Amino acid sequence: MKPYILAETNWKALKDQKIDLAILPWGATEAHNYHLPFATDNIMAEKIAHDSAALAWAGGARVLVLPAIPFGVNTGQMDIMLNINMNPTTQLAILNDIIDVMNRHKIYKFLILNGHGGNDFKQMIRELGLRYPRMFICGCNWYQSFDNSEFFEKSGGHADEMETSIMQYLVPELVLPLTEAGKGDSKKFRVKALNEKWAWAERRWTQVTSDTGIGNPLKATPEKGERCFNEIVRKISSFITDLSKADINNMYE
Ligand SMILES: [Zn+2]
């Protein structure tokens with residue numbers, strides 16, 4: 001039983017335990033090229049949360065990982081079989097209910113550990129901060145916590161070399177041989193500004209990629225995945241340790 005994982009702990013251990021920071025991993029249920037499982041984003045977000053919390057807890061930080069939310073925003077992919085879309089308004093309602101519980105039980109620091117590119121919690125955090133003024137709510141995209149080029153030859157963003165390597169390391173039994181994977185070729189917008197990222201529109205996924213992947217996974221190895229995963233855990237763990245020790249009434253210097 002790990003006392004920093006709510007799903008594993010029990011009332012006896014928890015009732016007198018002081019918790020400074022709650023962590024909510026949030027993923028998605030969606031196709032990841034041909035070779036990775038639909039739960040890829042959930043498996044990675046949850047494993048990163050658990051291992052980071054283990055390190056932080058061992059160092060004295062009192063953090064608690066909540067069960068992961070398995071559905072993300074997939075509005076641009078509704079023609080891909082069983083990609084389960086959860087609308088942003090639904091996500092806001094779910095976040096509100098969970099944060100209400102934290103607030104009642106005086107766990108005033110809350111982190112959303114996001115693992116899916118279609119999820120964007122920033123505006124929700126602003127709105128919830130207004131509703132729950134005692135709470136310090138923040139978010140983090142774990143996939144932005146490191147430099148991709150330090151570990152991988154090819155970048156992409158979806159079922160690419162990075163995601164494939166980490167999944168090969170974490171759950172090799174759920175990853176098909178790379179001979180089964182598509183190349184993850186993707187198309188760009190014809191409108192230049194949309195490719196330069198300072199203008200934004202949602203992509204129609206099946207018009208952009210034919211195998212649902214973006215980024216070539218063929219150079220993936222579990223060894224690359226292990227190195228990268230350990231770096232992510234080191235980063236996130238030091239972040240949550242800092243956060244759990246921070247005084248939310250004195251955050252600036
Ligand atoms: Zn993914």
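These legends describe close-up views of a predicted model. Local features need pLDDT of at least 70 and side-chain atom pairs count only at pLDDT 80 or more, while totals for chains, interfaces and linings use all residues. Residues are numbered from 1 along each chain as its sequence is written, and side-chain values use heavy atoms, with hydrogens and water left out.

View 1. H32 (NE2), D41 (OD) and E163 (OE) coordinate the zinc ion at 2.0 to 2.1 Å. Donors are N, O and S atoms within 2.8 Å of the metal (3.2 Å for Na, K and Ca); water is not among the atoms, so sites may look incomplete. Along the sequence the donor residues follow the spacing H-x8-D-x121-E. Because D41 lies in helix α2 and E163 in helix α5, the pair ties together parts that are 122 residues apart in sequence. Helices (H or I, at least four residues) and strands (E, at least two) are DSSP runs, numbered from the N terminus. D41 and E163 are both buried. Buried means under 20% relative accessible area, exposed over 50%, and partly exposed in between (1.4 Å probe, protein chains only).

**View 2. Helix α5 and its surroundings.** Helix α5 spans residues 161-170 and is mostly covered, with nine of its 10 residues buried. Among the buried residues are E161, M162, E163, S165 and I166. The buried residues of α5 pack against α2 (40-58) and α8 (222-245). S165, in helix α5, counts as buried because its relative accessibility is 0%. Leaving aside residues up to four places away in sequence, S165 touches F152, A220, T221, P222, K224 and G225; contact means heavy atoms within 4.5 Å.

**View 3. The largest nonpolar core.** This core has 61 residues, and those with the most contacts inside it are I23, L95, F110, W142, I166 and I240. A nonpolar core is a set of buried Ala, Val, Leu, Ile, Met, Phe, Trp, Tyr and Cys residues joined through side-chain atoms within 4.5 Å. Another core, of five residues, lies apart from the largest one and includes A31, I80, V208 and I214.

**View 4. F71 and a nonpolar surface patch.** F38, F71, M81, L82 and I84 form the patch, with about 490 Å² of accessible area together. Patches are made of residues with over 30% relative accessible area and no salt bridge: like charges are joined within 9 Å, nonpolar side chains (Val, Leu, Ile, Met, Phe, Trp, Tyr) within 5 Å. A salt bridge is a side-chain nitrogen of Lys or Arg within 4 Å of a carboxyl oxygen of Asp or Glu. Accessible areas come from the Shrake-Rupley method with a 1.4 Å probe; for residues, only the protein chains shown count as cover. F71 sits in the loop between β2 (63-65) and α3 (88-104).
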